[in-house]
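Please have a look at the structure first.

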Amino acid sequence: MNDAAEKSPAASTSILTVSDLCTVFPTEEGLVTTVDAVSFSLKAGETLAVVGESGSGKTMTFLSVLRLVPPPGRVMGGEVWFDGTNIAALPEQQMREIRGAGIAMVFQDPLTALNPVFTIGDQMIEVFRAHTTMNRRQARARAIEVLERVHIPSPVQRIDDYPHQLSGGMRQRVLIAMAIALRPKVLIADEPTTALDVTVQAQILELLAELRSELGMGMVLITHDLGLVAKYADRVAVMYAGRVVETSPIAQGFGQSRHPYTRSLFRSIPRLDVPADQALTAIEGQPPNLAKLPEGCAFEPRCFLGNGREDCRRERPLLAPTDTGLHLSACPHWPNLPESEADA
Amino acid sequence: MRRHLRHPSFSVGLFILVALSIVAVAAPLLAPYNPTHTDLMNTLAHPSASYLLGTDEYGRDILSRLIWGTRISLEVAFAVVALSLTLGSLIGGVAGYAGGWLERIIMVCNDILLAFPGFLLALALVAARGSSLENVILAVSIAYTPRVAAVMRSVVITIRPRPFIEASRAIGMSPARVLLRHVLPNALPPVIVVTTVSAATAILAEAGLSFLGLGVQPPTATWGNIISDGQGYITSNPLISLSAGLCIAVTVIALNLLGDGLRDTLDPQMRRYTGERML
């Protein structure tokens, strides 16, 4: 994605640039690389969707960016340029100032991400107290303003509620309010709607889109819902086994993906134009064991395209430009993919 | 609070403890005599109108001594709970939250202390430091802190992986703030249950130390001292030791009932007595 950024006229506005980020976990089976040389960049006002199945390293990539990898895991290498600083090399004290104020994160489950024994007001005040010199009263006034901004009705009353008194959608709004309270430049939304009702999902995503353009934030949308990607993202990065296997602008047609894994993901979505009695297409095989990754392409054992090819098994393919420089794929055999998804 | 009161053992335990606290606070008003006042004409008197529970070998009124003894016992219980809860929560909380080598070092030290019977440890500490009320409190607190720390650590370990801890780190809170603001408040309910029970053992420990002559020194009235004073006359005047023993038993049972009630009402899986939601 780096060279994509170079060719783009807006490259100078890139707010978050990650290169060769690696995170490992020591296990009984040996070192497991959960984030494997991940590179990407994010521009201000842009939404980057990160998709992939569970365990593909989506969340761990961004915990690594924030340097919040749970022990015994640790970030082994790579650079994270945020706002002109390599935050991967920053002392912990300064890193803490960036968390929440420069880069904020919205977590998956809004019930468990809030402390059940404190009111939402108490928890929002924490955000201001951790980063500013405001006193409690000022922080409370600001918290009410922010709650208003995420469209929580009658925030003056709501602020003294405990998390369990709010609905799931309201709780997620509170978490979003906490995340945007200090006007961060980057907002990482980690599956923000997975725990919510379908009807509430759309509201939350609309809210995120609204706040993104209002505040000019760069937004990362971690998801495994491909439908959301097409609607809300500008660009998409597909992850498999801790690696980015494809990145493409949405405008290029996400349906015309240039990697067999992305194609397989698309085929496993239930479709309205396929008879209901027809079985869903699953990706054959199991997600790979990260401790015993094949030497070559991690997707090779499950690939419908290159199955059995010598080079796929021997050499690990790297992310490379395809027909357009903006569309990168880690599959050198992408030209052999069927023309469009309908033929596949 | 209503939820707690509906629990029978909680309300009985609380009632007894409130009554005892009133007795302790109002001791100067309630006690018919000064607890150290000796009536040498009436030593080892049997219960009578002037001495409701009789007198001991120095002619001191047993009832007045029991009433004043309530003060010492509750003082010890409260001070020990305050000290061991603070210390134990911090030690256990830091160990559980930090993890890694720091946790291992702290817990090895804790387990070594835990391996000593609490009373024996308190006995040794008082023997080394001399016997006074302060030293008894200190010794018993040190003896019971490892228990609180062990419980605290195991609870914190279950709280540490919960998402709101990660979320509070993601908003840039320092580890110390996360521990104080988020981890400890969530860990307190089970720890409070343990401390109510250790308040009971603290009262027993104080009585035991006083009985052995290592606790609060005579002539100060404590329940342990009264039992000790009465042991020579257990056949002729059994009421001396018996009444003090009964006081200890009632207090300890009350604290245990309170602890049981708290455990039932604070533990969502054992909440039989309520249909209400937590908080």
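In α9(B), a kink of about 50 degrees lies at L188(B), shortly before the proline P189(B); the bend at a residue is the angle between axes fitted to the seven residues ending there and the seven starting there. This is a predicted model, where local features need pLDDT of at least 70, side-chain atom pairs count only at pLDDT 80 or more, and totals for chains, interfaces and linings use all residues. Residues are numbered from 1 along each chain as its sequence is written, while chains are lettered from A and ligands numbered from 1 in the order in which they are written.

**Helix α9(B)**
- Between its end C-alpha atoms α9(B) spans only 46 Å, whereas a straight helix of 37 residues would span 54 Å at 1.5 Å a residue (1.5 Å times one less than the number of residues).
- Helices here are DSSP runs of H or I with at least four residues, numbered from the N terminus.
- G213(B), with a positive phi near 80 degrees, follows α9(B).

**Chain contact**
- In chain B, 20 residues are in contact with 23 residues of chain A (C-beta atoms, placed from the backbone, within 7 Å).
- α8(B) gives the most to the side of chain B that touches chain A, with seven residues.

Terms used
Helices (H or I, at least four residues) and strands (E, at least two) are DSSP runs, numbered from the N terminus. Two residues are in contact if their C-beta atoms, placed from the backbone, lie within 7 Å.
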